[in-house]
Amino acid sequence: MAKPSDQRHEALAGLLGLGTHSARKSHYPELLARLEELETERNRYKWLFEHAVHGIFQASLYEGLRAANPALARMLGYSDPHEVLWTLTDLANHLFVGGEAELRVIRDQLREHGGLFGYETRLRRKDGSHIDVLMNLLLKPDEDGLVEGFVADITERIQAQQRLQTLNDELEQRVAERTRELEALNQQLREARDAAEAANLSKDKYLAAASHDLLQPLNAARLLVSTLRERPLPEAERTLVERTHLALEGAEELLTDLLEISKLDQSAIKADIDTVSVDELLVPLASEFQSVAQSAGLQLRVRIPKQLAVRTDMRLLTRILRNFLSNACRYTERGGVLLAARRRGTRLRLEVWDTGMGIPADQLQAIFLEFSRLDSGRAAERKGVGLGLAIVDRIAGILDCPVQVRSQLGRGSVFSIEVPLAQTVLPGPRAEAVLRPVTGDPLPGRRLLVIDNEESILHSMAALLGQWGCEVVTAVDAATAVRELDGRVPEVILVDYHLDHGETGCTALKELRKHFGQVPAVMITADRSDECRRALQSIGVPLLNKPVKPGKLRAVLSQLLNGV
């Protein structure tokens, strides 16, 4: 009978495969196969450990490094991995640049979180130099205090980042220096621009002031010469007067053109677009140039469509048409001039025809350039600088309206401008009715008040108006005018805009109308600024620029007196 102890031995032997021969024979091959697999796996991990590119180590939180692979040794400058198996004290003193404090932080992180990943630090090499590394540390949960670590050398990456940062810093420094240079240059440019603008403003102010002062005596001279032109004189004296008239007219045009071209070049003129009756636009021009054409031995004809209106700046468009008419009368020896308006769809073409000598085809575009002029016909006797059509071209650009010219040598020219028609049709007087000669001259016997702060202009205006048969009262301001009239009511007031002691024609007219009621008035000024124009628009009176053209003055006075 078997003993109990024998039974236990048999059971243990059976469990270990050491029982019967048949049992051992059954278990040995499986055990051997398993051992071979484990050995193969161990060799594979050993090979990886020894040949890994990155450093691998195993350490204890209580003892220090237990194992290190050759890559870690080479990384730290050692030839044998056993040389880096330091204790905890050696780790703090020889490996971590941060010393004991850094090692303490690593231990605390591992105990708290079980691992430390992506930890960048600096390690000390055998030769005393430093390398930057990235460490991943894992605390093994089944073995107390056992840590497995993986170390990658990131020194080159850190150095590349540092070089890039240095380049960025240098670039930022160069950008900052260049920015400072550009700011300094911009400041110089701003100072130069401000100086240029100040110089232009000073030039414009000087030109305006000088032109105003020159236009005053020129206005007086023009009025006196116009008075003489209307008087019966011997042929020799008449020739002298006529030449004086042409010289003064040329000087006036030169000053006017210089002022206007300067304002246009400075973009100081802006279009004030409004709805304008075609009758209101063209009838005054026809009245003004009837006498001009007549004195040149020409016939002026007018064709205006019924009750049309356009969208434009009346002042600027009038300036263009006046230039067309003036040139037509100047360059036409015989025949006539036609002022016509022709509807073209949604636009109105305003045309000035003449029967002059015509313009060569190769000069049709050049005539719109500055200082371009044709020396033919009567124009050759009147020297100018050729700014008229250059001004027309600039004003047409402001109005955004095309100007065209057609011409045939020996037959004449046609200058035209197209403006947009207004939606609304404004009722207005027919041109034929306005231009039809009235019975008798409305000027003789009419009482006119002239106010100007220049004595020479007062004398010249009194001589011209007196020759037209008017009763003329002159004064230098509103208070003097009231005393001179002594209760008599003027039928028309002609007042200069700029008077002495800060008084303007607007304030003078307002004071006079308190005494005499809403007497018709005409404002006369050498000031061609937009501020002056806006001030005069607010009181709604006709404006005449100095030097005053006698024909235009007579036409305006006739219209005002015919309405009285």
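**Exercise 1. Which residues are linked with R349 in a network of salt bridges?**

Solution. The model is predicted: local features need pLDDT of at least 70, side-chain atom pairs count only at pLDDT 80 or more, and totals for chains, interfaces and linings use all residues. Residues are numbered from 1 along each chain as its sequence is written, and side-chain values use heavy atoms, with hydrogens and water left out.

Step 1. Apply the rule: a salt bridge is a side-chain nitrogen of Lys or Arg within 4 Å of a carboxyl oxygen of Asp or Glu. Side chains of opposite charge can pair when their charged atoms come close. The count by this rule is 21 salt bridges.

Step 2. Read off the network: R349 is linked with R342, R347, E351 and E418.

Step 3. Take one pair from it. R349 forms a salt bridge with E418, with 3.0 Å between the closest N and O atoms. R349 lies in strand 10 (residues 347-354) and E418 in strand 12 (residues 412-420), so the pair ties together parts 69 residues apart in sequence. Strands (E, at least two residues) and helices (H or I, at least four) are DSSP runs, numbered from the N terminus.

Step 4. Check the cover. R349 and E418 are both buried. Buried means under 20% relative accessible area, exposed over 50%, and partly exposed in between (1.4 Å probe, protein chains only).

**Exercise 2. Which residues does T525 touch, not counting residues up to four places away in sequence?**

Step 1. List its contacts (heavy atoms within 4.5 Å). T525 touches D496, Y497, H498, C532, L536, L543, L544, N545 and K546.

**Exercise 3. Find the buried residues of helix 4 and say where they point.**

Solution. Step 1. In helix 4 (residues 88-95), the buried residues are L91, A92 and L95. Seen down the axis of helix 4, they fall within an arc of 120°, so they line one face of the helix. The arc is taken over the directions from the helix axis to the C-beta atoms.

Step 1. These buried residues pack against strand 2 (64-68), helix 5 (99-113) and strand 3 (115-124).

**Exercise 4. Check the span of helix 10.**

Solution. Step 1. The expected span of a helix is 1.5 Å times one less than its number of residues. The 12 residues of helix 10 (residues 388-399) should therefore span 16 Å, and the end C-alpha atoms are 17 Å apart, which agrees.

Step 1. Buried residues in helix 10 include G388, L389, I395 and L399. Just after helix 10, D400 takes a positive phi of about 60°.
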